[in-house]
Amino acid sequence: MPEITDPTLNPDLKSWLSSANDPATDFPLQNLPLCSFAGEQGRPTIGIAVGDCVVDVDMLMHAGALGDDDAARGLHDAVHSGVSNFVLASPVLRRVLRERVQDFMLDKHAGQQGRRLRDKAVIPRAGVARFNVPCIMRNYTDFYASIDHARTVGSMFRPDNPLLPNYKHVPIGYHGRASTIVPSGVTVRRPLGQTKPDDAAAPAFGPTKRLDYELEVGCVIGEGNAIGEPIGINDAPGHIAGLCLVNDWSARDVQAWEYQPLGPFLAKNFATTVSLFIVPMDALAPFRVPTPARPAGDPAPLPYLLGEGDWSLDITLEVLIQSAQMRERGLSPLSISRTSFANMYWSLPQLVTHHTSNGCNLLPGDLLASGTVSGPGADERGCLLERTWDGTGPDGKPKPRKAIELPSGEKRLFLEDGDEVIFRGWCERSGFRRIGFGECRGTVTPAKAQ
Ligand code: CA
């Protein structure tokens, strides 16, 4: 494990904002994730989450609290635009912003002027009218990088041969739809679609009966690449600005009917929820772990995918669900899965390099999602398609799905209207502050009447 010498990760740093020092917070001084919120007059404003507050970066800049040297002047236009992509695109600006906001939040500079600025520019998140998607995500690509997910889903359709022959050679992905990316908290309407159950003579059109979530980690691109210029595997980490949580909502019955031969389409593109904060790669450095060794007999990645260093990340991921009835009765959300992102077969740098290997260009703010994150255990599965799957019986046919029992007495095979799905993610390691992702939430609302 590489030694961590980054001073912004010093666990002893303390803020004047007491909630930033709470050992349980997702957002200590060592995290400092970027977000976009409705600032003065509702204007989209770049923020940084600290403790239970958000720092209005534009206000800090105009008050001169980010300095007045060349580096600060470089930040000015990027921050004033209100579009965080301009900050994300430059590793230098990201770093300058990180260091200076951290400095402002440290227990110093407590003069009268400093205190007035603290009151104005550091706003309780609970009082913010609206959070936006954290940057403009112009492109969205979804991968399939968890081998446990690929294996379990594959076993439903091909019990004898769950993994297709390409899986261990090529990171599988498809182009998703960026226009329907919504921030955490926005409701998701149950989609209408065409389905055809195996025992039906003809397809029908109507609300999906098999609405599902997919627990994913989103990789947000920083500096992009020119078209025709692939990103080499050892340069790929430098193009990743940070990570967020992603819920790639899916309509399984629509998917089963439409996906051949070209892959996912309307079963996936009706909504994708992202968490509100882009956790910087700098903050995640202590949680890099060796990529799990490939089992004996697995092929080595082709040389263009074989890089240096450890790029798996030990992020604990959790799925919770709360039905409308649970909410009405004051019952807490139920945790139904927990897994680690360290289990992925393909690393994020491998996804970036593979994506650009043909010359495809990535833009600052583009979202590359990992695909459903599942672990080997039944309670580590990151979607209901897998979570309620109970394998096949002695006759080789699928056993009835095993419903999840909610504390209200209700049962779930797939999502019902009123259900809220909540993802959480966090990293912990002795000698470092806990780094969290905040939540990725979405509540299902009824389908539009036909
Ligand atoms: Ca997905």
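Start at the second largest cavity by selecting Leu9, Gln30, Ala283, Pro286, Phe287, Phe432, Arg433 and Ile435, which line it. By class, this lining has six nonpolar, one polar and one charged residues; Ala, Val, Leu, Ile, Met, Phe, Trp, Tyr, Cys and Pro count as nonpolar, Asp, Glu, Lys and Arg as charged, and the others, Gly among them, as polar. The space inside is about 30 Å³.

The model is predicted: local features need pLDDT of at least 70 and side-chain atom pairs pLDDT 80 or more, while totals for chains, interfaces and linings use all residues. Residues are numbered from 1 along each chain as its sequence is written, and side-chain values use heavy atoms, without hydrogens and water.

A cavity here is a set of points, on a 1 Å grid over the protein atoms alone, where a 1.4 Å probe fits but cannot get out; lining residues have an atom within 4 Å of a point. Two cavities reach 30 Å³ or more.

Next, go to the largest cavity, about 70 Å³ in volume. Select its lining residues, among them Ala145, Trp311, Phe341 and Ser370. Strand E18 (312–313) and helix H11 (348–356) each supply at least two lining residues. The lining has eight nonpolar, three polar and no charged residues.

Finally, select the calcium ion. Asp142, Glu214, Glu216 and Asp248 coordinate the calcium ion at 2.2 to 2.3 Å; donors are N, O and S atoms within 2.8 Å of the metal (3.2 Å for Na, K and Ca).

Definitions and conventions. On a 1 Å grid over the protein atoms alone, a cavity is a set of points where a 1.4 Å probe fits but cannot get out, and a pocket is an open set with protein on both sides within 12 Å along at least five of seven lines; lining residues have an atom within 4 Å of a point. Grid points are joined across faces, edges and corners, and a volume is the space filled by probe spheres set on the points. Helices (H or I, at least four residues) and strands (E, at least two) are DSSP runs, numbered from the N terminus.
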